[in-house]
Amino acid sequence: MTPKATSVIISTYNQPKWLRNVLIGYQQQTLSDFEIVIADDGSEDGTRLVVEAFQKDTKLKIEHVWHPDAGFQKTTILNKAIQATQGNYLIFSDGDCVPRNDFIETHLKFKKYGHFLSGGYFKLPLTISQSITAKDIIDQTCFQKEWLLKNGLKKSFKLNKLTSTGIKERLLNAFTPTKATWDGMNASGFKKDIIAVNGFDERMRYGGEDRELGERLINKGLKSIQIRYSAICLHLDHERGYVNEDDSNINKAIRKATKAQKRTWTDFGIIK
């Protein structure tokens, strides 16, 4: 594989239909000089078959990093994926988030040394998620307000994520009450900075596991940039059978310690 300056890490687990739509989204990007590393948390063969089809039939450069299913181990597979990347700039997203065609271009436009980028997603209900076709993604119609409303989406302020440009986009990014945290479905930073804090804390399960990395980056002196209304992806709905209160409480305790002790390193990351 020819080295790329930018690596996109996509986490996934047993959502091959959604992953296919996501990869179609990356085929439409306005920039092509990037690689994709799939961080696969133990999916069955359906996911592998989707990845192999795109490796064979498209121009996308894709590396599939997989480990056996041992419950929710997203942070572990993300650390393995980080080590597999060739780029010096890493964009993180999920296998249920379809990127708009300017997604990568936008991340690279806003990237800045000493900073990381914090985006969000536009969450779709299950009915609309299921109705999106490959053609809708290729034509980018599924990112259009009119198409979504026609397909049953209720009007809300959040539609501004899809329609804002120029001054309006900048103002919404500046004044949104949502903090610019590290959210794994739409975040990016320089690989050297992520390595410097030892990647993700592998003790963490579902619930704020991504944000803890961002909190260590901030403790390290990095600042965050809000691109919530600039870097756009559509979140496809699905069940989350791995959510439980015990894991959430463990994660909260780890994050509390990270903040209180101003930790910049985890002993449970890439380097053990």
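**Exercise 1. Describe the residues that line the largest cavity, and sort them by kind.**

Solution. The lining of the largest cavity divides into five nonpolar, one polar and two charged residues, where Ala, Val, Leu, Ile, Met, Phe, Trp, Tyr, Cys and Pro count as nonpolar, Asp, Glu, Lys and Arg as charged, and the others, Gly among them, as polar. The model is predicted, so that local features need pLDDT of at least 70 and side-chain atom pairs count only at pLDDT 80 or more, while totals for chains, interfaces and linings use all residues. Residues are numbered from 1 along each chain as its sequence is written, and side-chain values use heavy atoms, with hydrogens and water left out.

As a next step, name the residues: Gly120, Tyr121, Phe122, Lys161, Arg228, Ala231, Ile232 and Cys233 form this lining. A cavity is a set of points, on a 1 Å grid over the protein atoms alone, where a 1.4 Å probe fits but cannot get out, and lining residues have an atom within 4 Å of a point. The volume of the largest cavity is about 40 Å³, a volume being the space filled by probe spheres set on the points, which are joined across faces, edges and corners.

**Exercise 2. Find which element gives the most residues to the lining of the second largest cavity.**

Solution. Begin with the lining itself, which consists of Ile9, Ser11, Lys74, Leu78, Phe92, Ser93, Asp94, Gly184 and Asp210. Two or more of these residues come from each of E1, helix H3 (74–84) and E4; helices (H or I, at least four residues) and strands (E, at least two) are DSSP runs, numbered from the N terminus. Strand E4 gives the most, with three residues.

**Exercise 3. Work out how helix H11 is oriented relative to helix H12.**

Solution. Helix H11 (residues 209–219) packs against helix H12 (residues 245–260) at an angle of about 5°, and their axes are 10 Å apart. That makes H11 roughly parallel to H12, since angles under 35 degrees count as roughly parallel, over 145 as roughly antiparallel, 65 to 115 as roughly perpendicular and the rest as oblique. Axes are lines fitted to C-alpha atoms, for helices over the stretch in contact, and angles run from 0 to 180 degrees between N-to-C directions. Where the two helices meet, H11 brings residues including Glu209 and Arg216, and H12 brings residues including Ile254 and Lys259, contact meaning heavy atoms within 4.5 Å. The residues of this contact comprise one nonpolar, three polar and seven charged.

Definitions and conventions: On a 1 Å grid over the protein atoms alone, a cavity is a set of points where a 1.4 Å probe fits but cannot get out, and a pocket is an open set with protein on both sides within 12 Å along at least five of seven lines; lining residues have an atom within 4 Å of a point.
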